[in-house]
Amino acid sequence: MQNNFLEQTKKKLIISCQALPGEPLHSSFIMSRMARAATMAGAAGLRANSVVDIQAIQDETALPIIGIAKVDYDDSEVFITPTIKEMRAVASTGCQVVACDVTGRPRPHHEELADIVEQMRAEFPDTLLMADTDRLESVEIANQLGFDMIGTTMHGYTPATEGLNVADNDFEYSKEVVDLAKAPVIAEGKIDSPAKLKRCLELGCHAVVVGGAITRPLQIARTFVDVLD
Ligand SMILES: CC(=O)N[C@H](C=O)[C@@H](O)[C@H](O)[C@H](O)COP(=O)(O)O
């Protein structure tokens, strides 16, 4: 398999189609229709959570996919594709990219990220690996382990980055990531306007993932309700 994900998504929009259990749109069928809308709108790629959602989306569209599996374990705070088991399952769908948490936090069952990367390279040599990082120290880890893409996904979502937003100070953090990263940077996390998407690309990001601002109607509706008295 030739993996052209980076060529296909260069300076483009990737739309994340995710709804967890408990969210109003939690359904692989609905995520496949979100993917249809994303495709019709001109997105260059998709991001999706869980093997069943990825498969439903693959039946709907040929767009390349960043696949993840969000799973909660009792012994770790890491929840984005945390162990080799989820990494293998997601890669087995044939999606072009598997993304996982790279925040330096301990993984479930004491699994080591370096071992997971080594194993994935051996078993899935054509699958690209994306690091979902939260801060510059995590970007260094992603550099050392040779990740193919580095995302800002977890910035603001870990204890070390609580309260931060990638858009703070005109995307100052994203600029630092672009300077430090040895792989293409994917801007991701709370990018909620076309202007922010454009700014991330101007600053040197390879592509931008937008999720909730497009595919989470509960989140979108709240922004309207919240301005009411
Ligand atoms: C922190 C975390 O769990 N992020 C998840 C990662 O896959 C998703 O819930 C986000 O929707 C995705 O990163 C896109 O971001 P936004 O929806 O803000 O555009």
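Strands (E, at least two residues) and helices (H or I, at least four) are DSSP runs, numbered from the N terminus. Bear in mind that this is a predicted model, in which local features need pLDDT of at least 70 and side-chain atom pairs count only at pLDDT 80 or more, while totals for chains, interfaces and linings use all residues. Residues are numbered from 1 along each chain as its sequence is written.

Now for the strands that β4 pairs with. Strand β3 (residues 65-68) runs parallel to β4, and the two pair over 2 bridges; two strands count as paired if DSSP finds at least two bridges between them. Look for V98 in β4, whose bridge partner is G67. To get from β3 to β4, the chain passes through helix α4 (residues 84-91), and this β-α-β crossover is right-handed. Right-handed means that, with the strands pointing away from the viewer, the path from the first strand over the helix to the second runs clockwise.

Strand β5 (residues 128-133) is also a parallel partner of β4, this time over 6 bridges. Here V102 sits opposite T133 of β5. The unit made by β4, α5 and β5 is again a β-α-β one, and it is right-handed.

Between β4 (97-102) and α5 (113-123) comes a loop, and H109 is found in it. H109 isn't a glycine, yet its phi is positive, at about 55°. What about its surroundings? H109 counts as exposed because it has 12 C-beta neighbours inside 10 Å. K11 is another non-glycine with a positive phi, of about 60°. You'll find K11 in the loop between α1 (5-9) and β1 (12-17). K11 is exposed too, as 11 other C-beta atoms lie within 10 Å.

Last stop, the ligand. A shell of 16 residues surrounds it, the closest being S16, Y157, K190, G211 and G212; a residue belongs here if its C-beta atom, placed from the backbone, lies within 6 Å of the molecule. β8 (207-210) and α9 (212-215) each supply at least two residues of this shell. By type, the shell divides into 8 nonpolar, 6 polar and 2 charged residues, where Ala, Val, Leu, Ile, Met, Phe, Trp, Tyr, Cys and Pro count as nonpolar, Asp, Glu, Lys and Arg as charged, and the others, Gly among them, as polar.

How values were computed: Buried ≥ 20, exposed ≤ 12 C-beta atoms within 10 Å, placed from the backbone.
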